[in-house]
4 protein chains.
Amino acid sequence: MSLQPLKACTVRGPQSCRIMAPTKKGVLERLDAGEIVVGDGGFVFALEKRGYVKAGPWTPEAAAEHPEAVRQLHREFLRAGSNVMQTFTFYASDDKLENRGNKVTFTGAQINEAACDLAREVANEGDALVAGGVSQTPSYLSCKSEKEVKATFKKQLDVFIKKNVDFLIAEYFEHVEEAVWAVEVLKETGKPVAASLCIGPEGDMHGVSPGECAVRLVKAGAQIVGVNCHFDPMTCVKTVKMMKEGVEKAGLKAHYMSQPLAYHTPDCNCQGFIDLPEFPFGLEPRILTRWDMHKYAREAYNAGIRYIGGCCGFEPYHIRAVSEELAHERGFLPAASEKHGSWGAGLEMHTKPWVRARARCEYWENLKPASGRPQCPSMSVPDGWGVTKGHNDLLQQKEATSQDQLKKLFDRSKSH
Amino acid sequence: MSLQPLKACTVRGPQSCRIMAPTKKGVLERLDAGEIVVGDGGFVFALEKRGYVKAGPWTPEAAAEHPEAVRQLHREFLRAGSNVMQTFTFYASDDKLENRGNKVTFTGAQINEAACDLAREVANEGDALVAGGVSQTPSYLSCKSEKEVKATFKKQLDVFIKKNVDFLIAEYFEHVEEAVWAVEVLKETGKPVAASLCIGPEGDMHGVSPGECAVRLVKAGAQIVGVNCHFDPMTCVKTVKMMKEGVEKAGLKAHYMSQPLAYHTPDCNCQGFIDLPEFPFGLEPRILTRWDMHKYAREAYNAGIRYIGGCCGFEPYHIRAVSEELAHERGFLPAASEKHGSWGAGLEMHTKPWVRARARCEYWENLKPASGRPQCPSMSVPDGWGVTKGHNDLLQQKEATSQDQLKKLFDRSKSH
Amino acid sequence: MSLQPLKACTVRGPQSCRIMAPTKKGVLERLDAGEIVVGDGGFVFALEKRGYVKAGPWTPEAAAEHPEAVRQLHREFLRAGSNVMQTFTFYASDDKLENRGNKVTFTGAQINEAACDLAREVANEGDALVAGGVSQTPSYLSCKSEKEVKATFKKQLDVFIKKNVDFLIAEYFEHVEEAVWAVEVLKETGKPVAASLCIGPEGDMHGVSPGECAVRLVKAGAQIVGVNCHFDPMTCVKTVKMMKEGVEKAGLKAHYMSQPLAYHTPDCNCQGFIDLPEFPFGLEPRILTRWDMHKYAREAYNAGIRYIGGCCGFEPYHIRAVSEELAHERGFLPAASEKHGSWGAGLEMHTKPWVRARARCEYWENLKPASGRPQCPSMSVPDGWGVTKGHNDLLQQKEATSQDQLKKLFDRSKSH
Amino acid sequence: MSLQPLKACTVRGPQSCRIMAPTKKGVLERLDAGEIVVGDGGFVFALEKRGYVKAGPWTPEAAAEHPEAVRQLHREFLRAGSNVMQTFTFYASDDKLENRGNKVTFTGAQINEAACDLAREVANEGDALVAGGVSQTPSYLSCKSEKEVKATFKKQLDVFIKKNVDFLIAEYFEHVEEAVWAVEVLKETGKPVAASLCIGPEGDMHGVSPGECAVRLVKAGAQIVGVNCHFDPMTCVKTVKMMKEGVEKAGLKAHYMSQPLAYHTPDCNCQGFIDLPEFPFGLEPRILTRWDMHKYAREAYNAGIRYIGGCCGFEPYHIRAVSEELAHERGFLPAASEKHGSWGAGLEMHTKPWVRARARCEYWENLKPASGRPQCPSMSVPDGWGVTKGHNDLLQQKEATSQDQLKKLFDRSKSH
């Protein structure tokens, strides 16, 4: 464990350190050199809690509407040690924005450009790269053709190219087939391509194993492969290990990434946390502690994963914990560690002696934190109707779900 | 329940609504008129997670060092419906700052003034008042005289008077005697005074009952009395109810406030969450959901409490939930509700039908969220050595705790 | 802890040891001499599981109908170290037997006499006394007069006198008033009288404190006072401690007894486990381990309680654990300890070495046993409509509850 | 669900019904005719709690030493609906008895004969068959030859043949290889042979899948195959389903049996409950309710299992619940149901109306019973050193484990 304090780097936000080397090392240069790349955390969940994103549609109009909030979150992740600023462009196509009840007068292009500018502005405050991303499409779930789906990805790329992001991520895919299509499109840009599925050890929604998924992605041209979202850190690391085994067995080479949830999900089925009854507004008891994150970072590192970040539920202090665990390997502590004694060392100054007695690694490493909810269970039974791509239950409509349609759903779902 | 949507108010951050009536109603005017005053959440815990406050010393140098981060948090609470911006001046005396290892070159005065300016700047963006606060002192615990303790409070008041805060709060007192002294000092300013103890139903650390505590505070001149921190919302409401009964039995009058933790604490003893083994870095499983906050807001309102806010653990979405629950009583939804469908209504637009089936009050109201931690308990046994003011174990020293002293504490404490 | 093995006494069931000293020491002689009297466990719950008692009516016709089953259970408690065989005569009045759907052709007198004979037969196999008992009456709950209620008790005494039991117990009373009446009746027999309420620290159903209850019982003539049933061991010990304090404060003298449940009940309200949703057919997860019983026995002993037994949920091995914990104080191990290595010592002979590693006190003393039920809570919310003696909801009728009446109850109760 | 009451059969213990048809149907006749055969529960755990078996050595000297206790337990299972009385002869070889510290002067032959007589005596009181059983041997684990292992089984058979049991069970085998050897020996007697492994869905200790295990057993001559012990009912049913699929895929035919634990074991690894930290003295919180048993019986029946019984942890009321769930399929309720209203119907007569409201199937079927242990987890991490047959850690010695050897084990094992 990284108990011995290192000097925190001097990146400290807007007042200082804005002068960076004009030519940063690219993501592949770093990974090829064996460096750790610390990712950031998910923006939609964090900004929903802060009041700038609506759960359900999850659209990113805040990039244009409330840039100070988005900039602040980027900056917090940077200070926590992130080497990557992902543009906040999730679901920012015009149809989606309209579709999802977005009433403000920003076009998709305006939002996407604003998001790229914010990511770049903050990346320039430290040693971070800008990554643009594409995700799974409703078109695929509705069984559109490969050509149509690929066209959707191409359209999203325009702004990333115009704004010259440093690399591209195809992330949050439940079906490897669609992810392969995305990688094929992203490869055409000449930028480095990472590909990240939202799957667990059982594989993709059609039962393709993690190892086989990874092989297909590498063959399609992805230089970095891994998983993000849907499962907790330990499950994600386990899944990426299976990917690595598959790739190595096939005689191929790749770098590996994991960007898991910050929620414990021992009770998930193959579709992940979305099927848990607590999704998305009752997940609080599942939030990982910073000490859970230390374990995640170590486990991921030991598994050979070098791009280590987070997704939904990650707050800046979670990324800071990853950075602190890996401080010796990276050679520095993140800026925000100025405000954090490793393994609770700041408690040495607490007024109560029995709280000072918690200022040590052994204490926090072994703590089994109580839920404070004695009338709640520790695991749930996932919802989900056992259907995926192509099933009638999943066909999408342009109009909002009507009250009548909802009524039927309420009756069909198990009550709580 | 406040199911029928109201129009969200037009306060939307920096771009708009900056022009407010020059003469806002004061806190007592509002309470006398029967209005609800929604408080804000605690800053030290929220900013610790964001990377700007160090747990242990908990000092507020960020007001001067990283004003953009403090401003952003104020703004998020404002958008969530807060009517009060408490200045981020907790523990900002020169000795404390030095004492606590604060290496940056800001004086206490600089920090306090910066904090007042930030609170006023954001208060002016909406219908909020600025409150300055004082808290319990190490001097009292170390058995200094009434005169010495009162001198400490007086010193802290200077900046609040200079910056003309709208009212004053004496908060986070474990001993009613010290709180009475604080109220007596604050009263001399002529500003409205609120007094808030960090006690539960068992009363203060010397066993003075909540009812008796409240009577003493009202007699000392506090116009608003209540509790903050240390216990979960339902425990705090229960305690304030006992205060109200005491005040009414004594033939006195007051307004009532509660600013609880956002952590479930069914297992606390009289000293509150500080004695829980999870304090302060393993509290995640105890975090309240937004639906827990709905219940809190309703319960507080029904108990006759009209100043309803939060303390450690509260994030902006928790205050938003309080505001949404009380939207009908207040006549409006907070600005941030633009980004939140009441009771999960935003899920109507989710792609999976079984998630759409969660878009209703009954679902969330009855959910018993799982912890996802099957190897953890649901309740803890509090630490604590059963001592309080004047005991040798609690005497404070200027120097940092030495490794030798720590070693003794580690051995003495129960292992985990 | 009683780690050093003592020689097990030679009482070994029917084949041996039948010749006992013709004049055993009485219960008061033993207690006056400072000896521990180990009670037995509850019969209705144990025999319900074995198939001889019907839950609901809980009548004891098995004494006449299946004597071999009742005799066997007595014998198991004797072998486990019990010094008292309570006659299995709970609810054995003619009206009750008829009332409760008892179709077999035994009169109350037949059952009661059979029960006394069985208790005496087994008591003679070892160093045990026979106790006859009376319990609270439907008459009292239905507001009958003191005279009527006392007449009920008198009638029950006839068989105990005829069969010459060694002492009498008035047990399982929720209202101290009725218990006092019972004691007054029992005292007239000249036999030693024990009085045991089924209350917790909050006192009887009319809010009379445990201390005050105990004082009234002692003044009425009870030589032994305490509690039984309704709460878990630690709660019962706490309650008896309050009784002892009350009696001592009043300048009186008494012996103390506790016969708690073998179920953990941290979530009970004042009416005890009957109001728990799990009563009576879902209590399994709450069953105490033998190690919990060691703690109970030690705690009871340390509190000055010398009559230490059990009630519903106790199986013979629970009483054996009490006897083993107190083996040094009593000077012997019970007969059944021949079949039990103290603190798991028998595991020394297990084939798997990691199971052999459990053959020690520290292991079992510190084990926090898992429920194996991750979808269940750890605590329940008690049922109960907040009513007691005299309330319409509790009036009793001779006829069985009709389907119509049940339907109304089902609707009124919270669903599960 | 079997809500409609059936007439309980008239078997009621020793006083009645002793005259049975001289020629009962054999076990295969019953199963071939599609009848359900209800097994009994495990004797060692039940008699350990009653004080007649020592945990660790688990030897059955009680059959000779305390026949009344063994007879009583047989009778309770018979009254609960069991069609099989398994002789209480577990581990009754001379070497084992001596080895295990058995100081009483009974030979293995005496014990085995007494056990057969007791089983037959009670079987004759109702419609039950007598089954003799053999289990896995220390010889196999210590890598003795097939010949030596088979000789052990042969020796055990002598008494079963002499006493003319109705059929034979090879049960509690962790390695299918040894079970096949046992079946081959048992087959030579000409009696019907059942074979039951103590494995879960992961298969035997060498990783042979349940389906493959079953095929081997059927090919070796077993007419009934299944699992017993080590896992909870639902896990056992799942495993037997895999066996059935394997047998059917191989074009073979068999009958199926399951005799699971009465403990919830969601957290077991492949070695089952023995590796749980709670084994064997802290399993109480895991005990199944009678309603869990209803689900088990239905699930087993639906899976095509027709020999449905239990193992460790089963008490008579658990078997009664199995019999009640299957009452319609069998055409009768067991004798003990006279003392049990189906689905809690006996509560109709309870004095408290909110308890009467529990007298219905829906209530108990949906109850999630609380553990009453808020400081305990819901799942454990299994112990176990990942070794099996042939490993040095598992070599057996004649002498008792010495204190020195134990000390090493204590240090090696994780502390609690």
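A separate core of 222 residues includes A:Ile319, B:Met85, B:Ala119 and B:Ala254. A nonpolar core here is a set of buried Ala, Val, Leu, Ile, Met, Phe, Trp, Tyr and Cys residues joined through side-chain atoms within 4.5 Å, with buried meaning under 20% relative accessible area (1.4 Å probe, protein chains only).

## Ground rules

This is a predicted model, where local features need pLDDT of at least 70 and side-chain atom pairs pLDDT 80 or more, while totals for chains, interfaces and linings use all residues. Residues are numbered from 1 along each chain as its sequence is written, chains are lettered from A and ligands numbered from 1 in the order written, and side-chain values use heavy atoms, leaving out hydrogens and water.

## Where A meets B

Chain A puts 106 residues into the contact and chain B 105. About 9700 Å² is buried between them, 55% of it from carbon and sulfur atoms; that is accessible area (1.4 Å probe) lost on being put together, summed over both parts. In chain A, A:Phe281, A:Lys339 and A:Trp354 lose the most area to chain B, together 9% of what that side buries.

Across this interface there are 14 salt bridges (a side-chain nitrogen of Lys or Arg within 4 Å of a carboxyl oxygen of Asp or Glu). One of them pairs A:Lys339 with B:Glu65, the closest N and O atoms being 3.1 Å apart.

Note on methods. Buried < 20%, exposed > 50% of the residue type's maximum accessible area, 1.4 Å probe, protein only. Contact = heavy atoms within 4.5 Å. Buried area = accessible area lost by both parts, 1.4 Å probe.
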